[in-house]
Amino acid sequence: MPATKNFSAEEFKCRCGCLVNSTEIELLYALQAVRDITEESIKISSGYRCASHNKAVGGSEKSSHLRGLACDISVPSSAYAFKIMRAIIVSNRFKRIGYGKMNSGELVLHLDIDSSKVQEVLWGY
């Protein structure tokens, strides 16, 4: 999979060790648009997930991670969250955004380009 100016394919591989990566390039382009606006680095917490890893982390059976259409990014502070959210809205590339804590306690934003699901939604978990 090709990479963008600030993102490598490596960052989106399944984290279970299978190393599968079926991330759609459009997701990387959308993230790059956000990165270009905010000029802040973006750490990918979770990219593509194989079915077994998705189940292990408690992901939905219909998770967009399974189709390479979603990622979670780390949010180290509320100021960072504000900057990133503003850039996400300005970029107009993501119509599905989730926010919350992972099982590890890490605060993340879920960014999703899955057009087969309800659009223009924001949810917490």
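This is a predicted model: local features need pLDDT of at least 70, side-chain atom pairs count only at pLDDT 80 or more; totals for chains, interfaces and linings use all residues.
Trainee: How do you know that the span of α1 agrees with what 14 residues should give?

Mentor: Residues 25-38 at 1.5 Å a residue should span 20 Å, and the end C-alpha atoms are 20 Å apart, so the two agree. Just after α1, Glu39 has a positive phi of about 55°.

Trainee: What makes Lys5 and Asp36 a salt bridge?

Mentor: The cut-off is 4 Å between a side-chain nitrogen and a carboxyl oxygen. The closest N and O atoms of Lys5 and Asp36 are 3.4 Å apart, so the pair counts. Lys5 lies in the segment before α1 and Asp36 in helix α1, 31 residues apart.

Trainee: Why is Lys5 called exposed, and why is Asp36 called partly exposed?

Mentor: Exposed means over 50%, so Lys5 qualifies at 67% relative accessibility. Asp36, at 39%, falls between the 20% and 50% limits, so the label is partly exposed.

Trainee: And why is Lys13 called buried?

Mentor: Lys13 has a relative accessible area of 17%, and buried means under 20%. Lys13 forms a salt bridge with Glu10 at 2.8 Å; Glu10 counts as exposed because its relative accessibility is 51%.

Trainee: How many salt bridges does the rule give?

Mentor: The count comes to 7. Among them is Asp112 with Arg96, at 3.3 Å, N to O. That pair joins strand β4 to strand β3, 16 residues apart, and both Asp112 and Arg96 are buried.

Definitions and conventions:
Residues are numbered from 1 along each chain as its sequence is written. Side-chain values use heavy atoms; hydrogens and water are left out. Helices (H or I, at least four residues) and strands (E, at least two) are DSSP runs, numbered from the N terminus. The expected span of a helix is 1.5 Å times one less than its number of residues. Buried means under 20% relative accessible area, exposed over 50%, partly exposed in between (1.4 Å probe, protein chains only).
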